Each structure stands twice: as C-alpha cells, then as structure tokens.
Amino acid sequence: MSARFAVLLLGLLCAGTAMAGDAAQVAASHAWIRVMPGALPAGGYVVLENHGDHAVSLNAASSPVYADVMLHKSSTDTGMGRMEKVDMLAIPAHGKAALSPGGYHLMLMKAGAPVKVGDKVRIVLQFTDGSALAVDFEAKPANTVDGGDTSEMHHH
Amino acid sequence: MKPRRLVRALLLLSLLLGSLLLAACQRGGELPWKLTNVSGHMPDLDFKLVDDRGKPVTGADYRGKVVLMYFGYTHCPDVCPLTLAQLHVVMQRLGPLADDARILFVSVDPARDTPDVMHAYVNAFDPHAVGLSGEPRALEALSKRYRSAYTREPDKGDGQYEVSHSSAIYIFDRDGKARLLSTAADAQDDLVHDLHLLLDIGAKP
C-alpha cells in the first residue's frame, strides 16, 4: 500500500513538472483505455490538438498505474496485422494527431493494481522539449469500438 | 392458328424454366455477396484444437453454425481487440440470429494463450466468441490450411514479444464450407448483409 502511494506520489510529482513548453500548446481529448482481462496489455487512445505555431512531437509517456508505457503503431497493410514501437509522433502546427484503435496507440503494461471499467487513469505524455502533459484516461470495456466520446484534460 | 399457339406455349415454358433456373442459381452460391467470395477456393473448416473451456474440439463441432474465424493472440493490445469489438457490434446487429453464429478466435501464440487466458479474453468481447488454442503444430496446420501466416517477432528482452499475423476474417457456412473473406477495409454493413444471407442458407441444427 505504501509502495503504491509512493508510485502515486511520484506520478503526481511528474504531473507537477508539466508546465510551459510544447505541452502547454497541446490539448488532449477523447482519452480512454481499453481494459483487458487479467494482466494483458491494454491500449490507450487520445486525440492531441496542437494550438501552437510550431510542430511538437510526443516521444514518451508514463503512468503511475502502469509500469510500462510505450508508443506503438499498428498496421494491417498487406493483410498482416503488425505492431511496431515508434520513437515519436509529430503533431503539426495548428493540427491534430490521433492515437486511435488500429493505428498509433499507447501500449500499457504491468499495472500495479487491476484497472477497472470506469476508473480514471493518469498518463503523462512527454514531448521532445522535455515538457509534459498529464491526461486522465477513462477505462472502458474491452469490447468498446471507439470510446473517444468523453474527454478529460489537465493543463499545467 | 395451332402452330402459333404451340410457339406461345413453348415460349412461356422456356420463360418459366429460365426463371426457375435463375432461382436455383441464387440458392446454389450465386447470392449477391458484398465481401470477397472464396467459395470453392478454400478448404472446409477442419482442425483439432482445444476450446477456452479446455475441451478438445474439431471443425465438425461447429457444423450447423455460421463461423467467423480470426487469427490473433491475447497479448495483442490494439488490432485484435478492435477486430473483436467490431465483431461484437456485428453480432449485436444480427440480434437473436447471432445464436447461430460463432466467432472462432484462433491463437497464434500457444505459448502464452492457455484456455484460461483465452476464456477471460473472448468473454470480454462477445458471448458468441470461442477461443481456440492447442498444440503449436495443430495451430500451424490450421493457419497453413487457409494460407494465413504468422510470425513471432523478436523478444523485447523482458519476455514480451509481439506476433504479426494475418488480419483477415474467414467465414464458413453451416456446412463448414469456406464462403467469404472479410478484411479491415470492408464496411461493417457488408459483413452484416452477407451474414444475413449465410444464416439463411444451409441446414439448421
């Protein structure tokens, strides 16, 4: 329990570091997680809008809940379902980038405690300039096709 | 007078026969499919695997049902859940008819996908879904039978790995005959349309 608290505190501290920089010009919406049974990896999805005059790049993410968060991209080109790790995702100036099922997504692994449908899970999105944006993702059932109908956002 | 009447009768008869033949064709596989028709180009449903309750099953156990077969694995966080979630919506759209359909989710990752894991996984999506796993050789044989391919990608160092796999959905009629192929590019309406047609033909159990 105290370990979990420490992780949580660490997460909050991380979130606290999210201030100016690229993160400040990015708005997150439609943030959700597909909750999978047991300890199976889950997908995290969010729409990122860049209101700034210069492009920004998402290059990492972390969470107080999942020990392992990776930026991935799925593709079904040539009839093969594949997944690959990506180093960064660019969001053009005054543009949008969507992490959505079947494309870019966050692969969430090693949850410290089981994530239940309805939970809000904080994920901190990190940008190449070192700034960060904390976003609360809503945990949705496994059989959700596209859960991006609600949004939670925290700007720092 | 008489020969003209005969000609007319013959004409009428041929018209009648023609429309009968047309109707017969419609029954015999010339249905207005919207998905890719693979009738006669792929082998019947046949396998020896283990279902998600740990029971040995064969293709014959699913005769009488329209089968949607999809290869995937439970540690696949994005494409497999998306496909199964979409199939869940399709089943909901079929309503009570869905009871005559089964989604067979075949594992391409037998090392991690035990019946228990598969059971929790498929049940998170749809009550008509069955998780099939089994001997690696049996799974390979099934995959080869449908010219489906899968590759285990290199280990990421912590025992975690991905498996690339064919993303098509193979659809069989109630007699276990391969009928249609559906890909991610197909509209959901087309899948629902064709399943209605398939559920309408063949011997019901």
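In this predicted model, B:Phe172 stands opposite B:Ala178, a residue of strand β10(B). Strand β9 of chain B covers residues 169–172, and strand β10 of chain B covers residues 178–182; the two run antiparallel and are joined over four bridges. Strands of a sheet pair through backbone hydrogen bonds, in either a parallel or an antiparallel way.

Step back, and the pair turns out to belong to an open sheet of six strands in chain B, ordered β1-β10-β9-β4-β5-β6, with mixed pairing. At its edges are β1 (36–37) and β6 (129–132) of chain B, each of which pairs on one side only.

Now look at what lies on this sheet. Helix α2(B) packs on it, touching β4 (66–72), β5 (101–107) and β6 of chain B, and the direction of the helix makes about 170° with that of β5(B). Another helix, α3(B), lies across β5 and β6 of chain B and runs at about 155° to β6(B).

Helix α2(B) deserves a longer look. From its first C-alpha to its last, this helix of 16 residues reaches 23 Å, close to the 22 Å expected at 1.5 Å a residue. Because 12 of its 16 residues are buried, α2(B) is largely enclosed by the rest of the structure. Among the buried ones are B:Val79, B:Leu82, B:Leu87 and B:Met91. Just after the helix, B:Gly95 takes a positive phi of about 65°.

What lies inside? The largest nonpolar core has 92 residues, and B:Leu68 and B:Phe105 touch the most other members. The largest share of this core, eight residues, comes from α2(B). Leaving aside residues up to four places away in sequence, B:Leu68 touches B:Leu87, B:Ala101, B:Ile103, B:Leu104, B:Ile169 and B:Ile171.

Finally, turn to chain A. Of its 156 residues, 44% count as buried. Among contacts in chain A with a separation of 6 or more, 72% are between residues 24 or more positions apart.

Conventions:
Residues numbered from 1 in each chain as written. Chains lettered and ligands numbered in written order. Predicted model: local features only at pLDDT ≥ 70, side-chain atom pairs only at ≥ 80, totals over all residues. Expected span 1.5 Å × (residues − 1). Buried ≥ 20, exposed ≤ 12 C-beta atoms within 10 Å, placed from the backbone. Core = buried A, V, L, I, M, F, W, Y, C linked by C-beta atoms within 7 Å. Contact = placed C-beta atoms within 7 Å. Pairing = 2+ DSSP bridges. Axes fitted to C-alpha atoms, helices over the stretch in contact; angles between N-to-C directions.
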